[in-house]
Amino acid sequence: MAVPSTQSALVQEIYASPLTLKRIPVPPVTPGSALIRVLCTPVLSYAREVYNGTRRYPYTVPIVPGSSCIGRVAALGPDSTSLQPGQLVWVDALVHSRDDPDDMVLRGLVAAGTSGSKKLMDGVWRDGTCAEYTLAPLESVFKLDEERLTELGYADSDLATLTRYLCLGGLRDINLQAGETIVVAPATGAFGGAAVACSVAIGASVVAMGRNEDALAALEATFPRVRTVKITESVEDDVVALKAAAGGRLIDAVFEISPPQAAKSTHIKSCILALKRGGRVSLMGGIQDDYPIPVREVMRKNLTLRGTWMYNREQVLALIKMVETGILKLGKQGGKKDISVFGFAEWEKAFNYASDNAGWATTVLLRP
Ligand SMILES: NC(=O)c1ccc[n+]([C@@H]2O[C@H](COP(=O)([O-])OP(=O)(O)OC[C@H]3O[C@@H](n4cnc5c(N)ncnc54)[C@H](OP(=O)(O)O)[C@@H]3O)[C@@H](O)[C@H]2O)c1
């Protein structure tokens, strides 16, 4: 496949300023990397808040925004031994430094707080996937079994929803098992709904907690073994409701995926208080302020609180296996109601649509 020397890409020249669609060079493929032709890339519900500066995400400009993508291998570094040109792949935006994996960056989105992570963002691993071609480290490029996925009825737009299901990282970090009961809170957002889907696929029963009763009812109608609880102002009432929704079983685990605006919500405390002795809590949410944790209960009940930022390679491979074996359904087959695709030139419309229709049932994609 001939690779052009220039390409069309979205670029932000000045931090928090509007994006522009322009022609930029196609990055040369280097040892340790793969050049990927982008097929489609998902838009975060909070992309508008990231790129207009509201979320104050640290990233360097000029930048090509974006996160993960579905694509095809266009060219390979000379040290690649397994990927093939033309192969269908899922490209992870997460890049680990090779000489210190604790330095991480999400290309096109955010540096993770260390000086090493800033160095990656300032330098070679800055640009994301809102371009016709994207350069990725070989280890961030995951082969997909195209034949099998086509047999299962998936289009690339369904496969692009894969990223959201990587909440599997937090679920595996707390070792969620078949037969257990987990509370997912809030369950109605993009990652929360995906956590419900993954928990059910693992074989757990789920108590989905949230504010929006219609969205909760839709989860209960879509997945087996899901009951719901509406968040109220009363921790006491919510603990009773969570235990009742578990139907007499003890609650083994909690998956927390709150956005920053939920900092004052009481649901995390209620979930922790509803846990059985020895229960586990996965904290994956994005609350930026400190919030109250009932530490006495954590101590008395031998609870484990486990934070997870993103996921690891083993967890990505496990997720792909769950999809390719049909255990976990993606896209419309998995209960999504709306997969809306926009061109790069329509980025602003796409960001607004993603924000206005935030939630589990909608996925917004950009396509070159
Ligand atoms: N740890 C990680 O690696 C990782 C990875 C991805 C994302 N995150 C974090 O996870 C957060 C959630 O992501 P998402 O894509 O699922 O967001 P989203 O689609 O915007 O969903 C937000 C969820 O939060 C609920 N919510 C909003 N305001 C609330 C409040 N005041 N009290 C209680 N619930 C509230 C929403 O429910 P309503 O319907 O009631 O509004 C919805 O369920 C992000 O903000 C991000 O910071 C972390």
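This is a predicted model: local features need pLDDT of at least 70, side-chain atom pairs count only at pLDDT 80 or more; totals for chains, interfaces and linings use all residues.
UniProt positions are given in the numbering used here, and its annotations may be inferred rather than shown by experiment.

**Annotated spans**
- An unreviewed UniProt entry puts "domain: Alcohol dehydrogenase-like N-terminal" at residues 31-145.
- That stretch, residues 31-145, comes out as 34% strand and 11% helix, with 25 Å between its end C-alpha atoms.
- Further along, the UniProt record (again an unreviewed entry) lists "domain: Alcohol dehydrogenase-like C-terminal" at residues 192-323.
- Here the make-up is 43% helix and 23% strand, and the end C-alpha atoms of residues 192-323 are 18 Å apart.

- The ligand has 25 residues around it, and the nearest are Thr188, Gly189, Arg211, Met284 and Met310.
- Sorted by class, the shell holds twelve nonpolar, eleven polar and two charged residues.

- Met310 puts a backbone N or O atom 2.6 Å from a ligand oxygen.
- For Gly189, a backbone N or O atom is 2.8 Å from an oxygen atom of the ligand.
- On its own the ligand would expose 930 Å², and the protein buries 86% of that.

Notes: Residues are numbered from 1 along each chain as its sequence is written. Side-chain values use heavy atoms; hydrogens and water are left out. Helices (H or I, at least four residues) and strands (E, at least two) are DSSP runs, numbered from the N terminus. A residue is near a molecule or strand if one of its heavy atoms lies within 4 Å of it. A polar contact is a pair of N or O atoms within 3.5 Å; within protein, one must be able to donate a hydrogen and the other to accept it, and residues adjacent in sequence count only if both atoms are side-chain atoms. Accessible areas come from the Shrake-Rupley method with a 1.4 Å probe; for residues, only the protein chains shown count as cover. Ala, Val, Leu, Ile, Met, Phe, Trp, Tyr, Cys and Pro count as nonpolar, Asp, Glu, Lys and Arg as charged, and the others, Gly among them, as polar.
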